Amino acid sequence: MTRFLSEQFRYLEPYVPGEQPQDKAYVKLNTNESPFGPDPGVLKAVQREAERLQLYPDPTGKALKEALAKYYGVAAGNVFLVNGSDEALNYAIMAYCDEILPIAYPDVSYGFYKVFADLYNLPQTVVPLKEDFTIDVDAFCSAKGMAVFANPNAPTGIDLPVSEIERILQSDPDRIVLVDEAYVDFGAESCISLVGKYDNLIVVQTYSKARSMAGARLGFLIADASIVQELEMLRYCTNPYNINRMTMAAGIAALENDAYYKNNCRTIMENRETVREKLEEMGCEVLPSSANFLFAKPPIGTGEEWYLALKEKGVLIRWLKGIRTSSYVRITIGSMEQMKAFLSATREYLKEVQDA
Ligand SMILES: *Cc1c(COP(=O)(O)O)cnc(C)c1O
């Protein structure tokens with residue numbers, strides 16, 4: 001560390017993304033990417049825009065905001081565009097938390113919430129999930145400050161009914177409730193329909209998972225128009241051209257072939273339930289999931305051992321350190337071919353452990 005670095009950043013622990021190893025071709029089930037490529041219309045739109053790279057993109061994002069507004073049944077003024085939904089978390093936390101406005105998030109959840117909370121030096125309330133790994137709604141109702149959680153939650157995959165989220169929204173109308181819906185298209189119910197009813201709700205979504213665009217970096221949030229205006233003010237103080245031309249065009253094109261993405265989500269949900277059955281037959285404990293991944297505990301050995309053994313066999317899954325997560329692994333649901341490779345590597349591994 002240089003002697004130049006600001007005191008406030010000296011002890012930060014940054015977010016650690018899932019590995020993207022380049023050493024060999026893995027069956028990659030560790031970062032919840034889609035196994036399906038983008039729709040051909042998206043590729044064409046990207047190509048078209050690439051020919052205009054010398055020009056700045058539209059800083060207002062008007063065309064994409066209008067397309068998203070139409071798709072979700074809200075007004076364009078309710079939509080805020082971001083370079084990956086992580087940026088939405090950044091702006092919302094920057095705007096609505098400070099030394100006296102705390103943040104509350106679950107103990108087991110997306111790792112970035114804590115990273116931003118630390119970056120902005122916020123007072124934090126870590127709300128433990130209940131014993132069954134569901135979000136403790138009552139605890140969130142009584143927690144102070146902005147409430148942030150993923151629905152479905154990660155890495156558990158468990159979703160919360162919208163009626164329960166409404167209880168949190170109503171518990172204190174003077175604090176923001178941010179619902180991160182990165183995985184909502186794999187079987188959970190979205191809160192977007194509540195945006196007209198609660199001006200303290202922020203719903204964050206991404207193109208990275210269900211819309212096969214993790215590499216393009218596109219996310220958005222939907223909230224009351226006055227919230228969006230405040231976030232726009234911060235965006236214009238930070239990076240007015242946060243969405244590049246190709247990504248903006250890809251985002252519009254993806255909405256034009258909704259059937260393709262819906263069908264892909266259906267396939268992933270079917271594959272998920274097939275894999276669940278097989279894992280349960282092998283004696284694994286598998287949490288219920290409304291996401292494109294499963295969180296599973298092996299009948300023998302630790303989560304870390306399962307992860308390491310599969311890496312050796314060319315299959316990447318995610319293992320997360322931590323008292324409540326380390327005996328589990330998180331498995332992204334990909335194509336059936338990928339899942340067969342995962343299942344046979346797992347079968348082989350469990351047999352090796354039993355025989356040892
Ligand atoms: C993947 C993920 C994100 C980030 O998505 P990007 O749009 O790629 O930045 C946000 N929240 C959760 C819970 C995620 O799993």
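Predicted model: local features only at pLDDT ≥ 70, side-chain atom pairs only at ≥ 80, totals over all residues.
Is Tyr328 buried or exposed in this structure? With a relative accessibility of 5%, Tyr328 counts as buried, because a residue is called buried when its relative accessible area is under 20%.

**Aromatic rings**

- The model holds 17 aromatic pairs by the rule applied here, and one of them is formed by Phe295 and Tyr328, whose ring centres lie 4.7 Å apart and whose planes meet at 5 degrees.
- The Phe295 and Tyr328 pair counts as stacked because the angle between its planes is 5 degrees, and planes under 30 degrees apart are classed in that way.
- This pair links distant parts of the chain, since Phe295 belongs to strand S10 (residues 293-297), while Tyr328 is in the loop between strand S11 (315-316) and strand S12 (329-332), and the two residues are 33 apart.
- Elsewhere, one aromatic cluster is made up of Tyr15, Tyr110, Phe112, Tyr113 and Phe116.

**Charged ends over rings**

- The ring of Tyr207 has the charged end of Arg211 sitting over it, at 5.1 Å from the ring centre.

**A nonpolar patch on the surface**

- Four residues, Met1, Leu5, Phe9 and Leu12, form a nonpolar patch on the surface, and together they have about 370 Å² of accessible area.
- Met1, a member of this patch, is found in the segment before strand S1 (27-28).
- The relative accessible area of Met1 is 72%, so Met1 is exposed, given that the word applies to values over 50%.

- The side chain of Glu49 is joined to the side chain of Arg245 by a polar contact of 2.7 Å.

**Cis peptide bonds**

- Asn151 and Pro152 are joined by a cis peptide bond with an omega of about -5 degrees, and Pro152 is placed in the loop between strand S5 (146-150) and helix H6 (162-171).
- Another cis peptide bond connects Ala154 with Pro155, where omega is about 5 degrees, and Pro155 also lies in the loop between S5 and H6.

- Phe133 counts as buried because its relative accessibility is 8%.
- Ser212, which is likewise not a glycine, has a positive phi of about 55 degrees, and its place is the loop between strand S7 (201-206) and strand S8 (219-223).
- Ser212 has a relative accessibility of 12% and therefore counts as buried.

Technical notes:
Residues numbered from 1 in each chain as written. Heavy atoms only, no water. Patch = residues over 30% accessible without salt bridge, like charges linked within 9 Å, V, L, I, M, F, W, Y side chains within 5 Å. Areas by Shrake-Rupley, 256 points an atom, 1.4 Å probe, with all protein chains shown as cover. Salt bridge = Lys/Arg side-chain N within 4 Å of Asp/Glu carboxyl O. Helix = DSSP H or I, 4+ residues; strand = E, 2+ residues; numbered from the N terminus. Buried < 20%, exposed > 50% of the residue type's maximum accessible area, 1.4 Å probe, protein only. Phe/Tyr/Trp six-rings, centres within 6.5 Å; stacked < 30°, edge-to-face > 60°. Lys NZ or Arg CZ within 6 Å of the ring centre and 35° of its normal. Polar contact = N/O pair within 3.5 Å; in protein donor to acceptor, adjacent residues only side chain to side chain.
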